[in-house]
Amino acid sequence: SASFAFAALLSNGSMVLWGTRAQCELECVCGICGSDNKRPPIGTVLHLPTKVDSVCTTIEAFAAKFIDGTVATWGDINRGGDCSSVQPKLKQVDTIYSNEWAFAAKLRNGSVVTWGSGNFGGDSSSVQDQLKNVETIYSNGTAFAAKLHDGSVVTWGDEDYGGDSSSVQAQLKQVDTIYS
């Protein structure tokens with residue numbers, strides 16, 4: 001959860017942000033600001049182009065998933081507040097997951113897009129070819145574990161804290177649920 005801010009979804013699909021300015025300021029490059037590209041003041045009701053489906057947080061950033069499967073982010077750019085590097089890939093998003101430092105978006109086709117701090121899960125390039133047919137994603141503070149539909153598991157993020165499961169990979173078959 002974000003440490004110093006809140007985001008409230010209203011029943012009409014709009015949103016209100018409050019808390020520390022740093023975590024409420026929107027990164028306009030990620031599709032949530034108006035056509036004038038100015039950041040709205042804290043407490044402004046944001047009437048968004050499409051309804052927000054869900055909101056996910058790292059410790060200092062937010063990611064909103066819209067009902068059309070697109071994503072907008074705001075907050076600390078080092079903890080996932082800037083998704084501009086992966087924005088073109090953030091289409092047909094099913095679910096967004098997070099840890100304290102990064103986000104992982106599971107797309108409707110079962111693939112995964114990550115952003116945020118690379119050392120703590122924001123960079124999944126070393127396992128990207130394995131992130132297919134993902135059923136769900138679990139996280140701890142600095143790493144992610146994806147359970148695939150066949151019951152196998154793919155991990156990435158901080159190697160010392162679960163991001164490297166190579167020593168137990170042979171046992172990670174027919175997994176039902178992962179806990180962190």
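**Labels and cut-offs**

Visitor: Why is Cys83 called buried?

Guide: Buried means under 20% relative accessible area, exposed over 50%, partly exposed in between (1.4 Å probe, protein chains only). Cys83 has 0% relative accessibility, so Cys83 counts as buried. This is a predicted model: local features need pLDDT of at least 70, side-chain atom pairs need 80 or more, and totals for chains, interfaces and linings use all residues. Residues are numbered from 1 along each chain as its sequence is written, and side-chain values use heavy atoms, without hydrogens or water.

Visitor: What makes Cys56 buried?

Guide: Its relative accessibility is 13%, therefore Cys56 counts as buried.

Visitor: How many disulfides does a search of the whole structure find?

Guide: The search returns 0. A disulfide here is a pair of cysteine sulfur atoms within 2.5 Å.

Visitor: Why is Asn99 called buried?

Guide: Asn99 has a relative accessible area of 5%, so Asn99 is buried. Asn99 sits in the loop between β7 (93–98) and β8 (102–107). Strands are DSSP runs (E, at least two residues), numbered from the N terminus.

Visitor: Which backbone atoms does the side chain of Asn99 reach?

Guide: A polar atom of the Asn99 side chain lies 2.7 Å from the backbone nitrogen of Trp101. The side chain also reaches the backbone oxygen of Phe120, at 2.8 Å.

Visitor: Which residues does Asn99 touch?

Guide: Contact means heavy atoms within 4.5 Å. Not counting residues up to four places away in sequence, Asn99 touches several residues, including Thr57, Phe120, Asn140 and Phe144.

Conventions. Helices (H or I, at least four residues) and strands (E, at least two) are DSSP runs, numbered from the N terminus. A polar contact is a pair of N or O atoms within 3.5 Å; within protein, one must be able to donate a hydrogen and the other to accept it, and residues adjacent in sequence count only if both atoms are side-chain atoms.
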